[in-house]
Amino acid sequence: MEKNELFRLILCIIICQMAGIIGSLFTASSMAGWYPTLVKPAFAPPGLYIGLIWIVLFTLMGISLFLIWKETPSSLAARTTLNFFAAQLIVNVLWSVALFSMRSPKSGVVVIALLWVLILVNIIKFWPVNRTAALLLIPYIIWVSFAAYLNYSIWRLNA
């Protein structure tokens with residue numbers, strides 16, 4: 001790997017981790033007071049595990065982004081693909097805002113449904129460009145599927 005490629009890889013991982021850090025700022029404010037008071041389903045994992053899983057997922061997303069950035073020329077199609085990736089990162093942060101900052105499990109369900117769709121669009125758009133990049137997003141969509149079900153369950157249990 002060339003020095004320039006290594007820099008791009010690190011930059012892509014940092015960009016994705018920053019989305020996680022920004023989202024965690026909205027999450028942290030509710031973890032001390034509001035979230036612990038909610039009724040949660042038995043399958044809700046401890047917060048420590050959730051944080052570690054997100055770190056791994058944001059790293060995989062960064063590698064995926066790097067693989068796409070590396071292979072796509074600066075064309076309208078490439079920009080569109082990267083714009084969809086940016087959109088899902090933004091919606092990922094907005095999910096933390098909706099669920100934790102707004103303290104609204106119902107809003108969280110709506111936003112995470114949009115997030116799930118955007119991840120699927122990314123997988124579909126990445127597939128013809130770089131299959132590894134698309135496959136690296138599979139754990140992300142699986143985790144978001146689980147998180148969506150957890151979010152929905154919390155909404156229903158606390159309605």
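Modeller: What follows is a set of questions about the terms used for this predicted model.

Biologist: Which residues of helix 1 and helix 3 make the contact?

Modeller: On the helix 1 side they include Glu 5, Arg 8, Leu 9, Cys 12 and Cys 16, and on the helix 3 side Phe 58, Phe 66, Trp 69 and Lys 70 are among them. By class, this contact has 13 nonpolar, four polar and three charged residues.

Biologist: What makes Arg 8 buried, partly exposed or exposed?

Modeller: Arg 8 lies in helix 1, and its relative accessibility is 25%. Buried means under 20% and exposed means over 50%, so Arg 8 counts as partly exposed. Leaving out residues up to four places away in sequence, Arg 8 touches Phe 66, Trp 69 and Lys 70.

Biologist: How do you know whether Cys 12 and Cys 16 form a bond?

Modeller: A disulfide is a covalent bond between the sulfur atoms of two cysteines. The cut-off is a pair of sulfur atoms within 2.5 Å. The closest cysteine sulfur to that of Cys 12 is in Cys 16, 7.0 Å away, which is too far for a bond. For Cys 16 the closest cysteine sulfur is that of Cys 12, again 7.0 Å away and too far. The search of the whole structure finds zero disulfides.

Biologist: Why is Cys 12 called buried?

Modeller: The limit for buried is under 20%, and Cys 12 has a relative accessible area of 0%, so Cys 12 is buried. Cys 16 is also at 0% and counts as buried.

Biologist: What makes helix 1 and helix 4 parallel or antiparallel?

Modeller: Their axes come within 8 Å and cross at roughly 10 degrees, helix 4 being residues 76-101. Angles under 35 degrees count as roughly parallel, and helix 1 and helix 4 are therefore roughly parallel to each other. Among the residues that meet are Cys 16, Ala 19 and Phe 26 in helix 1, and Phe 85, Leu 89 and Phe 100 in helix 4. The residues of this contact divide into 11 nonpolar, five polar and no charged.

Biologist: Why is helix 3 called roughly antiparallel to helix 4?

Modeller: Helix 3 and helix 4 pack at about 165 degrees, with axes 11 Å apart. The threshold for roughly antiparallel is over 145 degrees, so helix 3 is roughly antiparallel to helix 4. Their crossing is left-handed. The contact includes Phe 58, Met 61 and Leu 65 of helix 3 and Thr 81, Phe 85 and Gln 88 of helix 4. By class it has nine nonpolar, three polar and no charged residues.

Biologist: How do you know whether Asn 122 is buried or exposed?

Modeller: Asn 122 has its place in helix 5, residues 105-126. Its relative accessibility is 1%, so Asn 122 counts as buried, the limit being under 20%. Not counting residues up to four places away in sequence, Asn 122 touches Thr 81, Phe 84, Phe 85, Gln 88 and Leu 137.

Conventions:
Residues are numbered from 1 along each chain as its sequence is written. This is a predicted model: local features need pLDDT of at least 70, side-chain atom pairs count only at pLDDT 80 or more; totals for chains, interfaces and linings use all residues. Side-chain values use heavy atoms; hydrogens and water are left out. Contact means heavy atoms within 4.5 Å. Helices (H or I, at least four residues) and strands (E, at least two) are DSSP runs, numbered from the N terminus. Ala, Val, Leu, Ile, Met, Phe, Trp, Tyr, Cys and Pro count as nonpolar, Asp, Glu, Lys and Arg as charged, and the others, Gly among them, as polar. Buried means under 20% relative accessible area, exposed over 50%, partly exposed in between (1.4 Å probe, protein chains only). Axes are lines fitted to C-alpha atoms, for helices over the stretch in contact, and angles run from 0 to 180 degrees between N-to-C directions. Angles under 35 degrees count as roughly parallel, over 145 as roughly antiparallel, 65 to 115 as roughly perpendicular and the rest as oblique. A crossing is left-handed if the near helix is turned anticlockwise from the far one by less than a right angle, and right-handed if clockwise.
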